[in-house]
Amino acid sequence: MPAPGRRRRARPAPPRDARGPHGARRGPRRVTASTSAPAGWGVHGQTLAVAQLRADLAADRLAHAYLLTGPEGVGKATLARRLVQAIHCEAPADGVDPCLACAACRRVEDGGAPDFEVVAIGGPCDEESHRDHAADNSTRIRICQARRLTRLSSLAPFHAPPHHAPRRIFVIDTADELQTEAGHALLKTIEEPPASSLLILLATDPDELLPTIRSRCREIALRPMPHADCAGALTESLGLADAEASRLAALARGRYGLAVRLHEDPSL
Ligand SMILES: [Zn+2]
Ligand SMILES: [Zn+2]
């Protein structure tokens with residue numbers, strides 16, 4: 001087991017439950033939930049969610065659309081990024097665990113990966129007459145952004161990852177913030193997804209989504225961690241003193257990502 005502070009850069013040990021040569025693509029593998037997520041995913045407290053995505057990857061049966069739900073700061077965006085990294089990684093352990101160290105994993109982390117776009121408030125669109133949405137105080141994801149997603153998702157992927165099928169991947173962060181018209185525009189793409197597209201919708205309140213969108217997605221719920229587990233993860237990963245880790249875990253109500261943000265910026 002690597003020391004906590006070096007875990008991100010260390011090559012993760014192959015998990016017990018998914019044996020096989022590194023990087024090899026074989027038939028379906030048996031993947032079961034264990035008490036902690038494999039090191040390569042670096043997502044705390046979301047063992048079942050990680051297990052489902054690993055199983056889908058191992059069986060080569062990814063959905064065309066996932067819906068990751070849970071309160072803010074619980075780890076939805078991180079988990080979505082890890083899935084993209086698992087697909088793009090140059091040397092995924094057991095074919096499913098991103099190494100987080102190769103050039104492909106780092107490009108995803110930095111937002112510069114090919115065939116991968118995060119659709120969020122203020123993001124780009126194709127309308128030349130539109131001003132920069134990042135500067136126009138947009139409060140929703142606009143229909144022009146949804147149209148851009150539809151156009152890009154219909155194009156052949158540009159990049160061929162070495163261990164998984166090429167895909168155009170979009171993370172919608174968050175789907176709660178879609179304009180109503182943007183949601184309807186997106187629905188067509190979700191109902192008839194291009195073969196090589198993968199949409200990952202994040203939502204804090206999935207009940208607010210169009211039911212027709214929600215029903216087309218493979219839904220994975222992320223939940224806050226028990227207080228002791230969250231505090232323990234903070235101590236292990238950030239080297240915090242027990243009392244400080246416990247305080248942050250309580251403030252964040254078990255949401256690991258929020259606890260980390262509170263640690264980094266106490267003014268939140
Ligand atoms: Zn990698
Ligand atoms: Zn626009």
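## The zinc site

The zinc ion (ligand 1) sits in a tetrahedral arrangement, because its four donor atoms subtend angles of 103 to 120 degrees. For reference, the ideal angle for four tetrahedral donors is 109.5 degrees. Keep in mind that this is a predicted model.

Which residues hold the zinc ion (ligand 1)? The coordinating atoms are the SG atoms of C89, C99, C102 and C105, at 2.3 to 2.4 Å. Along the chain, these donors of the zinc ion (ligand 1) are spaced as C-x9-C-x2-C-x2-C. C89 and C102 both lie in the loop between α2 (76-88) and α3 (103-110), so this pair ties together parts that are 13 residues apart in sequence.

## Cysteines: buried or exposed?

Now for how much of these side chains can be reached. C89 is buried, at 0% relative accessibility, and C105 is buried with a value of 0% too. C102 has a relative accessible area of 11%, so it counts as buried because the cut-off is under 20%.

How many disulfides does the structure hold? The count is zero. As a reminder, a disulfide is a covalent bond between the sulfur atoms of two cysteines.

## A helix pair

Conventions: Residues numbered from 1 in each chain as written. Chains lettered and ligands numbered in written order. Predicted model: local features only at pLDDT ≥ 70, side-chain atom pairs only at ≥ 80, totals over all residues. Heavy atoms only, no water. Donors = N, O, S within 2.8 Å, 3.2 Å for Na, K, Ca; no water. Tetrahedral: all angles 85-135°; square planar, octahedral: opposite > 155°, others 65-115°. Helix = DSSP H or I, 4+ residues; strand = E, 2+ residues; numbered from the N terminus. Buried < 20%, exposed > 50% of the residue type's maximum accessible area, 1.4 Å probe, protein only. Disulfide = S-S within 2.5 Å.
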